[in-house]
Amino acid sequence: MDRKRESFYWRRLLANPKLLDSLATNQEKGILAARAAILEGLAIGRGQRPLSRELSVSLQMINAVKKAMAEGAYRSYAER
């Protein structure tokens, strides 16, 4: 899928929270929110340990997001 189309879909999805509720579980939404918060923290230069404590996420999750930033795309552990 091209980026323009994906961006369009994300805008539609975020504009309608009920649509997101029908497509993802609370756990999946929580994981996406945590990844977004990690990305934001890393982008502004926060350290991994402070992020881990602040967001209550593992260093492994932070490292996975950091690696995804470097590679340009997130891949699950199973895909690696």
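I am working with a predicted model, in which local features need pLDDT of at least 70 and side-chain atom pairs count only at pLDDT 80 or more, while totals for chains, interfaces and linings use all residues. Residues are numbered from 1 along each chain as its sequence is written, and side-chain values use heavy atoms, with hydrogens and water left out.

I looked up the secondary structure and found five helices and zero strands, taken as DSSP runs numbered from the N terminus (helices H or I, at least four residues; strands E, at least two). Buried residues make up 19% of the 80 in the chain, where buried means under 20% relative accessible area with a 1.4 Å probe, protein chains only.

I then turned to α3 and α5. Helix α3 (residues 26-43) packs against helix α5 (residues 59-71) at an angle of about 65°, their axes lying 10 Å apart; these axes are lines fitted to C-alpha atoms over the stretch in contact, and angles run from 0 to 180 degrees between N-to-C directions. The two helices are therefore roughly perpendicular, a label that covers 65 to 115 degrees. I noted that the contact (heavy atoms within 4.5 Å) is made by Ile 31, Ala 34, Arg 35, Ile 38, Leu 39 and Leu 42 of α3 and by Met 61, Ile 62, Val 65, Lys 66 and Met 69 of α5.

Within α3, I listed Lys 29, Ala 34, Ile 38, Gly 41 and Leu 42 as buried, and their cover includes α2 (17-23), α4 (48-55) and α5. After α3 comes Gly 45, whose phi is positive, near 90°.

Note on methods: Angles under 35 degrees count as roughly parallel, over 145 as roughly antiparallel, 65 to 115 as roughly perpendicular and the rest as oblique. Buried means under 20% relative accessible area, exposed over 50%, partly exposed in between (1.4 Å probe, protein chains only).
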